Each structure stands twice: as C-alpha cells, then as structure tokens.
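Today I am looking through a structure, starting with its charged pairs and ending at its ligand.

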Amino acid sequence: MTLQVGKVISTPRIIPRPEHPISRSAINNSALKVLYRLKDGGYQAYLVGGCVRDLLLGREPKDFDVATDAHPEEVLALFRNCRLVGRRFRLAHVRFGREIIEVATFRAQHTGDAEGGELEGGRIIRDNVFGTIEDDALRRDFSINALYYDIRDFSIIDYADGLPDLEAGTLRLIGDPASRYREDPVRMLRAVRFAVKLGFRIDAASEQPLGLSATLLADIAPARLYDEMLKLFLAGYALSTFEALRHYGLFAHLFPETERHLGHDRDGFPLMLLSQALANTDQRVAEGKPVMPGFLCAALLWEPLQNRYQRLEASGKARGLMAMQLAADEVFKAQCQHVAIPRRVSLQSREIWSLQLRLLRTRGKRPLSLLENQRFRAGYDFLLLRAAAGEPELQALCDWWTQIQTASDEERQQMIQGDAPAGSTAVPAVRSRRPRRRRRSGKRPSTENRSDT
Ligand code: ATP
Ligand code: MG
C-alpha cells in the first residue's frame, strides 16, 4: 500500500441510503443485474470508481464498474454472458448486448515505495494480489474515485475521505502524492483530466509534484499515452485540458516538438490554430458529433510539420507533396517515441496535410475530383481553421471552396476556368516563418473539424 508506513487506516464512513442522493433508478440496469446476481450468489458486490463519483455529482457516468470479493472464476461461473480478460490481473466482462459491465475482484498492493517493483508500460507492478475492500479502496488513485455503493443496503462506503473531498471540489491522491505518481505517472494526466472535467481544485500536496515529476512520463509506454491522450482531448474539455497540461509542464512530454514551437512563438499563431482546433473539437463533442482523431493530430503536429517541410524545401532536398510526405514521416517518427499514434490515425492527418497543398489548385479538372476525395471535408475544414487562426490571406481560397461545393455544374465549369482566387497562387503552400500579428477577435471559424468517416 502506498500509505506512509505506520499510518493507521481508519474505519470507513458509511452513509446510509436516506443520507445520500443515489437512487437505483439512476443506475444502469445491467450493472444492477450484475450486482444482484453476485449478492444472491453470496458475494459482496459494489459499484465503484467513476460511476459512484459521477452519480453523487449528479453527472451521467461513462461506465459502471463493479467490485466484488468473488474471484474471477467464481464470477465466470455465475454469468453465462461473461468472459475473463487481462493477463496480469484478470477481470470479468459481463456482456449485455453491446454493453459490458466490468467486474473486478478486490485487489491489494504491497508496501509503500516504488522500489522493488517491476516496470510494465511505465507502471510499477508489484504483486498484484487479491485483497479486501479496504485494500481495494486504498490502491485507487484519488479519494473521490474510491467510493463504493453497496448493493446490500444501498449505502455508500468511504475509506479514503472521498466524500468531504467531493463536497469541497478537491482532487486528492490517496497516500503520499510523490510516490503515487512515481508508482504510475499516468496519474498526473488523470489529475489534470479530472480536475478540468469536474471543475475541481487539485489539492496542494497532490499538485506540488506535478511539474516536478513530469519527466516520469518518459517511462510510460507510448501506446498507453495514446489512449490517455484520447481521453484528454476527446472528452469535451480539450482546450482547458490542453491549457492545464501546459501549465503543469506535462504537455511537453506528450508533444515535445509542438511544445517547442509553442514555446518559441512570439506572435501567437501556432497557439491560435491549436486552441481553435481544440475549441472546435469540444463544440463537436458537446453537439454529439463524431470527432476524427486524425484531425486532432493534424492540428497538434501542424507546427512541427511546417517547420520540417520548410526546411526540406529550403534545402532543395524535396519540394511540394514530396517534401510534405517526407516531413510527415519525420514528424510521426519523432512523435511516436512519445505518444504512439496508430497508423490509421496518422494516415488521416497526412491526408489532411497533403490536401493543404492540393486545395491550392483551383483550375482544371483537379478541383472537381478533389471534391470526391474521401478526406476533402476534413482538409477543407483544416483550411478554414488556418484562415481563421492566423492566415487570413487564405480566406478567398476558403470562400472559393465553400462556393464550389454547392455550385451547379455550369457554375463549377466557370469557376475552374476563372481567375484563381487570391490565396491559391499568392501564398505559399504553408505559412512562411515571418512573424505575424496575433488576431485578437475571438471569432470562431465558420465550420469545425468534422469526421467524414
Ligand atoms: P471516467 O469517467 O473517465 O471513466 P473513472 O474514474 O471511471 O473516470 P477509469 O479510468 O474508468 O476512471 O478507472 C476506473 C477506476 O479505477 C478509477 O475511478 C480509479 O478508482 C481506478 N483507477 C483507474 N486508473 C487508475 C490508476 N492509474 N491508479 C489507481 N487507480 C486507478
Ligand atoms: Mg470509468
């Protein structure tokens, strides 16, 4: 356990049903079925983690997790629709149609500090053994994530002073923060994610090591960081999360090259494009529209891409689309050392980027075939984003593409023979390094990054 040696664990606070607001009608039916089946089988069964926290806050939980003293095989024996997953620590997944309820056996962790632990994906794995509910509570990350809802009497059980923290809006690590971050540095990202999403304040002791321990993220498997990155940026709070990550020096460990450009920037341009892309993403999530991870990555890595692209062109090694492709190769190779962006996603970003060159051509047959391109919409949205976030000279080109989408065949013929719009010939494919004035109008671009999958 990560509590300081000698710390005596207090008896839990138990809040009976009449004294808390969680009603069974707010609980997912499948989760209730699992809880009752376990209870009727003679086991302890609780809702735990994010769902209890969110229900108490009056928010809709993302998923319902169950904790029990039944061992995985015992859970398996109780449910027909169940399978065991996980190599190191076996979990039961109980399936109801498309819904899965995760059932985990109480777990314990051994002694306090990180030494002696085995590293797996940057996380220190000690003997991950079954434990009591109390062990299970205290191995969790934040006090507000360690609350249990007991199906026997509908009470809430609080081993880690989570309820007072929930009431106060405080995010507090259980145990000694520095060693809890060392144990699993991803908790730093989780701290930022929960603080932003819930509007909570990170407790001073839990906040203090954040910046100092940021380098620990280098030990985390890049594939795990990609999963975390999606949670950070696709949950509807991308812009505030990005700002908080930068504030704590954590963003630099996810996107080092991007951070370098943001850090050097004197005119606000890269920051504006990225902030606008993140704001658009949040808006789409709020409207229930799909978001394309490749668009997000295209925006996050746009500055590194341009930089490498321009260097290639200046060196004469490659030009145009070829330079763009080489630059993209370099950018993703470097980036994937930190956050492993899957190929299908980086392909989306590459297509969006190369469309930035291809959209410059407005004469001849090419523009018409571009309209049929699977990624046209995303590339066009990216162009709009650029125009709105620091490259106003692209506006005429944006307007041209906006117009041609709804034009008749006859009008289209005229357009592709007419004068090229300002922007298509006058500006280089990507922005020059010349400093630009930051535009202060908080205006949003007229459209958002949309998924066209
Ligand atoms: P969300 O709403 O984002 O799903 P959540 O709290 O449910 O929030 P999950 O990642 O689904 O977060 O994890 C479920 C629970 O498992 C957490 O509430 C926490 O108790 C525990 N947990 C998850 N990740 C860690 C971690 N890295 N260290 C310790 N406990 C963790
Ligand atoms: Mg969850």
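This is a predicted model: local features need pLDDT of at least 70, side-chain atom pairs count only at pLDDT 80 or more; totals for chains, interfaces and linings use all residues.

**Entry 1: salt bridges**

I began with a tally, and it came to 20 salt bridges, taking as one a side-chain nitrogen of Lys or Arg within 4 Å of a carboxyl oxygen of Asp or Glu.

Residues are numbered from 1 along each chain as its sequence is written, chains are lettered from A and ligands numbered from 1 in the order in which they are written, and side-chain values use heavy atoms, with hydrogens and water left out.

I looked up Arg-187 and found its side chain in a salt bridge with that of Glu-183, at 2.6 Å from N to O. Both Arg-187 and Glu-183 are buried; my scale is relative accessible area, with buried under 20%, exposed over 50% and partly exposed in between (1.4 Å probe, protein chains only).

Next I took Lys-231, whose salt bridge to Glu-228 has its closest N and O atoms 3.6 Å apart. Where do Lys-231 and Glu-228 lie? I found both in helix α10 (residues 222-233), 3 residues apart, about one turn of the helix. For helices I use DSSP runs of H or I with at least four residues, and for strands runs of E with at least two, numbered from the N terminus. Lys-231 is partly exposed because its relative accessible area is 34%, whereas Glu-228 has 5% and so is buried.

Then came Glu-287 and Lys-289, a salt bridge with 2.9 Å between the closest N and O atoms. Glu-287 is at 42% relative accessibility, so I put it down as partly exposed. Lys-289, with 34%, is partly exposed too. I also traced a network: Asp-136, Arg-139 and Arg-140 are joined by salt bridges that share partners.

**Entry 2: the whole protein**

I stepped back for the totals. The protein has 22 helices and 14 strands, and 54% of its 453 residues count as buried. It exposes about 20800 Å², of which carbon and sulfur atoms supply 48%; the areas are from the Shrake-Rupley method with a 1.4 Å probe, and for residues only the protein chains shown count as cover.

I checked contacts (heavy atoms within 4.5 Å) as well. Among those with a separation of 6 or more, residues 24 or more positions apart account for 71%.

**Entry 3: buried spots**

How many residues of helix α15 (residues 293-300) are buried? I counted 8 of 8, including Phe-295, Leu-296 and Cys-297.

I also stopped at Asp-165, which sits in helix α5 (residues 162-168). With a relative accessible area of 10%, Asp-165 is buried. Leaving out residues up to four places away in sequence, I find that Asp-165 touches Ser-143, Ile-144, Thr-170, Arg-172 and Phe-200.

**Entry 4: positive phi**

Most residues other than glycine have a negative phi, and I went looking for exceptions. Phe-154 has a positive phi of about 65° and is in the loop between β11 (147-150) and β12 (156-158). Phe-154 is buried, because its relative accessible area is 17%.

Asp-161 has a positive phi as well, near 55°, and is found in the loop between β12 and α5. Is Asp-161 buried or partly exposed? At 47% relative accessibility, it counts as partly exposed.

**Entry 5: ligand 1**

Which residues come nearest to ligand 1? Of the 16 around it, I listed Arg-53, Asp-184, Arg-187, Arg-190 and Arg-193, where being near takes a heavy atom within 4 Å.

For polar contacts with the ligand I took pairs of N or O atoms within 3.5 Å. An oxygen atom of ligand 1 is 2.8 Å from a side-chain N or O atom of Arg-193, and one is 2.9 Å from such an atom of Arg-53. A backbone N or O atom of Gly-50 lies 3.4 Å from a ligand oxygen. Taken alone, ligand 1 exposes 590 Å², and the protein buries 85% of that.

Helices α2 (50-56) and α7 (186-198) are the elements giving two or more residues to the shell, with the largest share, 5 residues, from α7.

Methods:
A polar contact is a pair of N or O atoms within 3.5 Å; within protein, one must be able to donate a hydrogen and the other to accept it, and residues adjacent in sequence count only if both atoms are side-chain atoms.
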